[in-house]
Structure formats: structure tokens, C-alpha cells
Amino acid sequence: MRKSTLCLAVTGALAALFLAMLAHARAEARAGTARRQPSLELVRRLGLTDLCLFTEARYTRHPAMADRHAAFQDHPMALDHFPSGSLLAPPAFPSPHAPPPPAIPKHP
Amino acid sequence: MRPPLQRYRNILDFALSSLLRRKGRNLALLSVYALVVFVIASLVFFVQALKHEARELLVQAPDMVVQRLVAGRHDPMPLAQAEAIRAIRGVAEVQPRLWGYYYDPVYGGNLTVMATEDADLAPDAIWIGAGVARTMRVKESDMVPLRGYDGQSTLFSIQKVLAESSELVSADLVLMAPKDVRALFHFPENLATDLAVQAGNPRELPTIAAKIVELYPDSRPILKAELLRTYEAVFDWRGGLMVVVLASAVLSFIIFAWDKATGLSAEERKEIGVLKSLGWESADVLLLKFWEGTVISVTAYLSGVLLAYAHVFFFSASLFEHALKGWSVLFPRYRLVPALDGYQLTVLFFLTVLPYTAATLVPSWRAATVDPDAAMRS
């Protein structure tokens with residue numbers, strides 16, 4: 001067998017697997033909608049606000065609810081000693097927790 | 001076969017023979033290249049899937065959560081404020097949330113204890129997340145002692161273990177009746193942890209938030225859009241995990257591509273000289289080197305991406321597990337739903353395949369344009 005035939009066959013097989021991967025991802029995404037239902041129901045019923053990814057500290061368990069003085073809440077160099085502190089990004093500036101604009105249009 | 005195709009196949013055959021002559025070096029090259037693609041693709045798949053999951057799940061989160069701040073710290077909220085907020089025009093519902101953290105001294109894990117008024121919850125019973133059950137090694141109908149504020153333990157029976165498929169939001173949850181939460185933490189009757197607010201029209205949320213701040217200047221409204229933004233920021237490319245892994249992977253790839261681009265070995269230069277003296281055109285030599293680069297880079301890209309997909313979605317990104325666990329004792333087990341992004345796959349392709357192919361072509365072009373005699377003598 002020519003080397004090029006073997007090479008094209010291997011590349012073709014890898015490309016076929018790549019296409020199969022895309023098809024699998026699409027099928028899984030459809031199945032994921034059904035698999036997500038118990039979580040969605042809990043989020044709706046309990047009013048949950050965060051994903052349970054890091055449970056070691058309150059500001060990593062509930063980054064969206066953490067108080068303003070938690071690590072990384074104020075500036076990027078506010079380092080903490082938990083390893084996940086190196087995984088969480090500093091918040092966007094201006095902080096997403098900045099108070100909303102106070103201007104309220106009053107009815108005449 | 002048509003002559004032009006035959007020509008390409010002949011050059012491909014020659015390119016493969018040339019690669020196989022330096023088998024060890026090229027296999028090492030292919031492995032490192034595939035590894036770099038694997039690491040970057042794993043990270044991209046993982047982060048994309050988590051971001052997608054956060055967006056999908058937090059759709060059902062409250063429109064707004066109102067906290068009270070005392071001396072810059074989150075403090076319990078008087079229930080009387082719920083009534084006042086409910087009276088603001090545009091507010092559809094205000095639900096006081098009663099929750100807190102419980103450190104389990106036996107297993108060293110942090111649990112999130114939350115009150116639920118679900119009618120199915122039996123008296124003195126709790127529902128626990130699958131992560132809690134796994135960490136405490138308990139199952140339904142077992143008894144669990146929880147240590148109260150006064151040091152006294154209270155026994156709760158486990159009525160239900162929440163579905164494993166919901167671990168991404170519930171792994172560390174302990175759900176109990178409001179009276180049990182208040183008794184456990186000595187939480188006063190007239191306070192709640194925070195308030196979940198639903199608005200009739202989500203476009204009115206900023207106005208409602210402004211009215212709440214005006215009414216209670218010590219309150220801090222957090223809008224649903226901010227919850228979602230938090231997760232976008234956590235898994236942003238600037239995020240720690242992304243920066244650390246990407247920086248090392250990209251740096252190693254740059255060194256690797258630079259090494260290729262800075263020149264050919266004497267043996268390769270001599271080979272080009274021999275080919276040119278045998279009548280090969282410079283274009284043929286470039287085509288040969290293009291095939292060599294393409295075979296390595298396309299194989300590395302496809303195998304790296306396929307391995308990354310299997311790693312993240314079939315083996316739950318087990319190589320990242322230790323980095324993600326950090327100091328957590330209680331770690332959720334979740335199966336991520338793929339959220340492949342054609343844009344990112346394409347960017348990854350252009351960032352890895354094109355620079356490498358270009359890096360192999362440039363020195364070959366320089367060698368192919370010199371006199372064959374000089375190339376062979378060098």
C-alpha cells in the first residue's frame with residue numbers, strides 16, 4: 001500500500017471522528033435540556049443564585065452574593081490564600097455590584 | 001488518476017518518506033503539538049460548557065436579590081422591608097430567603113443550609129444534595145446530627161437525596177423547614193438572609209433597584225444580569241485558570257514554532273539541494289514542505305481536539321479536577337453538556353495549524369531559492 005493512501009485513510013478517519021464529535025455534541029446538547037430540568041426546577045423553586053463549583057469559602061461558593069470585601073471584589077491584587085482564588089477572575093470594572101444609578105424620573 | 005492529482009500524491013508519498021526518515025524526532029514533534037492542542041482545547045471546551053450551563057440554569061434565578069449591608073458585610077434583612085419592597089410599583093413578588101453556611105466539623109466540609117416550605121418535606125426531616133450524601137456517606141432514611149448554635153446536636157432524618165443530575169446547583173445543599181433553620185442558627189423570627197424579588201416587567205428592574213436603594217440606602221440589590229455577568233467574568237479568558245494554562249501552552253507552542261522557523265538542519269538543506277539538482281522546482285520543494293507541515297499539524301489538531309473532547313465530556317475533565325477542587329472537601333460531580341462553538345474551533349485551527357505550516361515553509365523557501373551546489377556544500 002502506498003504511504004499516501006495510508007496517510008489519507010488516517011486523516012479521513014480522524015476527520016470522520018471530528019464530524020462524529022460535532023454530531024455527538026449536538027445530540028448531547030438536545031439531551032442536556034431534559035437532563036437540566038431537575039436543576040432548573042430547584043433554581044426556580046428555591047431562588048438559587050449560584051452554581052455549586054467551589055465549596056471551600058462563601059465567596060467561592062456564591063461569587064454573585066459575596067460581600068464587597070471578599071477576595072477580588074475590590075481590586076485584582078487583593079489576593080487570598082485559597083487555591084481557587086487563583087482560578088476566579090477579578091470582577092469587571094466598574095464592579096457588577098456597583099449600585100444602580102439613582103436617577104428616578106418623578107411623575108409630575 | 002489525473003496527472004495533477006498523481007503529482008500531488010507522489011509529492012505526499014515523498015513527504016511521508018522524508019518524515020519517516022526522522023521518525024523519532026517527528027513523532028516527538030507530533031506528540032508535543034497534539035498535547036498543546038489538547039490542553040488548549042480542553043480548557044476552551046470546559047470553560048464554554050460551564051458558561052453555557054450557568055446561562056441556562058440561572059435563567060430561573062430570581063430577577064433580583066436584595067441584601068442588607070452592615071459595616072460593609074452582608075447582614076440579615078428585616079422581614080418588614082419585604083412588605084415595603086412588595087409595595088413598590090412593578091414588583092410582582094418578594095420571597096424572603098432563609099439560608100446560611102454550616103461547617104461540618106466531622107468531614108470538614110462546608111454545607112449550604114436553606115429553608116424550603118415544600119409541603120412534601122416531613123417534620124424534622126431534611127433533603128440533602130448528592131454531594132453531601134457522598135461526603136457524609138449517608139443515604140435516604142439515615143439520621144444526621146447537625147450541631148446547633150449552642151453546641152447541641154439535633155438529629156434530622158434524611159427524607160430525600162436530591163437528584164445527582166442537579167449536582168451543579170445542589171451538591172452541598174441541605175434543605176429543611178424554616179423553623180429548623182431558625183432553631184439551628186438561632187435566627188430571629190423577624191429576619192431573613194435576603195429577599196428574592198420578581199418583577200412584572202424585567203425592563204423595570206433598574207428602576208425598582210433604584211427605588212429600593214432610595215428606600216433603604218443600606219441595601220444592595222443584585223440583578224439577575226449581574227449574576228450572569230459574574231459567571232461570564234469568572235470564566236472569562238482573563239480568568240486565572242484560563243490565563244495560567246493558556247499562557248504556558250501558548251508559550252510552549254511559540255518556542256516550539258520558533259525552533260522550527262529559525263532554520264532547517266544541515267541534513268534537510270542538503271536534501272533540498274539534491275532535489276533541486278535532480279530538477280525539482282522551488283515550487284515542488286515548497287509543496288513538499290507544505291505537505292510535511294500539513295500532515296503533522298492537521299493530525300495534531302484533529303487528535304488533540306478529539307482527545308480534549310473525550311477528556312472533558314466523557315471523563316469529566318479529570319485532569320483539571322485537582323485544580324478545581326482546591327481546598328474543597330465537598331466537590332460536585334457533574335457531567336457537562338457540550339457547548340461547542342464553531343468560532344472557537346476555527347480560531348484554534350488557525351492559531352495552531354497555520355503558524356506551524358507557515359513556520360515550516362519560510363526556512364524551506366529560503367533554502368529552495370539558493371544555488372543547489374551551495375546548498376549541498378553547506
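This is a predicted model: local features need pLDDT of at least 70, side-chain atom pairs count only at pLDDT 80 or more; totals for chains, interfaces and linings use all residues.
View 1. Take the contacts in chain A between residues at least 6 apart in sequence: 28% of them join residues at least 24 apart.

**View 2. Thr60(A), a buried residue in a helix of chain A.** Where does Thr60(A) sit? Its place is in helix α3 of chain A. Thr60(A) is buried, with a relative accessible area of 1%. The side chain of Thr60(A) reaches the backbone oxygen of Ala57(A) at 2.8 Å.

**View 3. Where chain A meets chain B.** How many residues does each chain bring to the contact? Chain A puts in 66 residues and chain B puts in 92 residues. Interface size is often quoted as the accessible area lost when the parts come together. Here the area buried between chain A and chain B is about 6900 Å², and carbon and sulfur atoms give 65% of it. Between the two chains, 26 residue pairs are in polar contact, with both residues at pLDDT 80 or more. On the side of chain A that touches chain B, α1 (3–35), α2 (37–46) and α3 (58–61) of chain A each supply at least two residues. The one that gives the most is α1(A), with 18 residues. Sorted by class, that side of chain A has 36 nonpolar, 16 polar and 14 charged residues.

**View 4. Salt bridges across the interface.** The rule finds six salt bridges across the interface of chain A and chain B. One to look for pairs Arg36(A) with Glu53(B): their side chains meet at 2.9 Å, N to O. There is also a network to trace in this model, in which salt bridges that share partners join Glu41(A), Arg44(A), Arg45(A) and Asp118(B).

View 5. Over all chains, a search of the whole structure finds 25 salt bridges. In the one shown here, the closest N and O atoms of Arg22(B) and Glu271(B) are 3.8 Å apart. Which parts of chain B does this pair link? Arg22(B) is in the loop between α1 (3–21) and α2 (23–57) of chain B, while Glu271(B) is in helix α10 (residues 266–277) of chain B, 249 residues apart. Arg22(B) has 10% relative accessibility, so it counts as buried. Glu271(B), at 14% relative accessibility, counts as buried too.

**View 6. Arg55(B) and Glu232(B), a partly exposed pair.** Arg55(B) forms a salt bridge with Glu232(B), and their closest N and O atoms are 2.8 Å apart. This pair also links distant parts of the chain: Arg55(B) belongs to helix α2 of chain B and Glu232(B) to helix α8 (residues 224–234) of chain B, 177 residues apart. Are these two buried or partly exposed? Arg55(B) counts as partly exposed because its relative accessibility is 36%. Glu232(B) counts as partly exposed as well, at 28% relative accessibility.

**View 7. Helix α8(B) and what its buried residues pack against.** Stay with α8(B) for a moment, and you'll find that Lys224(B), Glu226(B), Leu227(B), Thr230(B), Tyr231(B), Ala233(B) and Val234(B) are buried there. The buried residues of α8(B) pack against α2 and β13 (219–223) of chain B. An α-helix has 3.6 residues a turn, so residues three or four places apart point the same way.

**View 8. Arg134(B) and Glu167(B), with one partner buried.** The side chains of Arg134(B) and Glu167(B) meet in a salt bridge, at 3.0 Å from N to O. Arg134(B) lies in helix α4 (residues 130–136) of chain B and Glu167(B) in helix α5 (residues 167–170) of chain B, so the pair ties together parts that are 33 residues apart in sequence. Glu167(B) is buried, with a relative accessible area of 2%.

Methods: Residues are numbered from 1 along each chain as its sequence is written. Chains are lettered from A and ligands numbered from 1 in the order in which they are written. Side-chain values use heavy atoms; hydrogens and water are left out. Contact means heavy atoms within 4.5 Å. Buried area is the accessible area (1.4 Å probe) that two parts lose on being put together, summed over both. A salt bridge is a side-chain nitrogen of Lys or Arg within 4 Å of a carboxyl oxygen of Asp or Glu. A polar contact is a pair of N or O atoms within 3.5 Å; within protein, one must be able to donate a hydrogen and the other to accept it, and residues adjacent in sequence count only if both atoms are side-chain atoms. Helices (H or I, at least four residues) and strands (E, at least two) are DSSP runs, numbered from the N terminus. Ala, Val, Leu, Ile, Met, Phe, Trp, Tyr, Cys and Pro count as nonpolar, Asp, Glu, Lys and Arg as charged, and the others, Gly among them, as polar. Buried means under 20% relative accessible area, exposed over 50%, partly exposed in between (1.4 Å probe, protein chains only).
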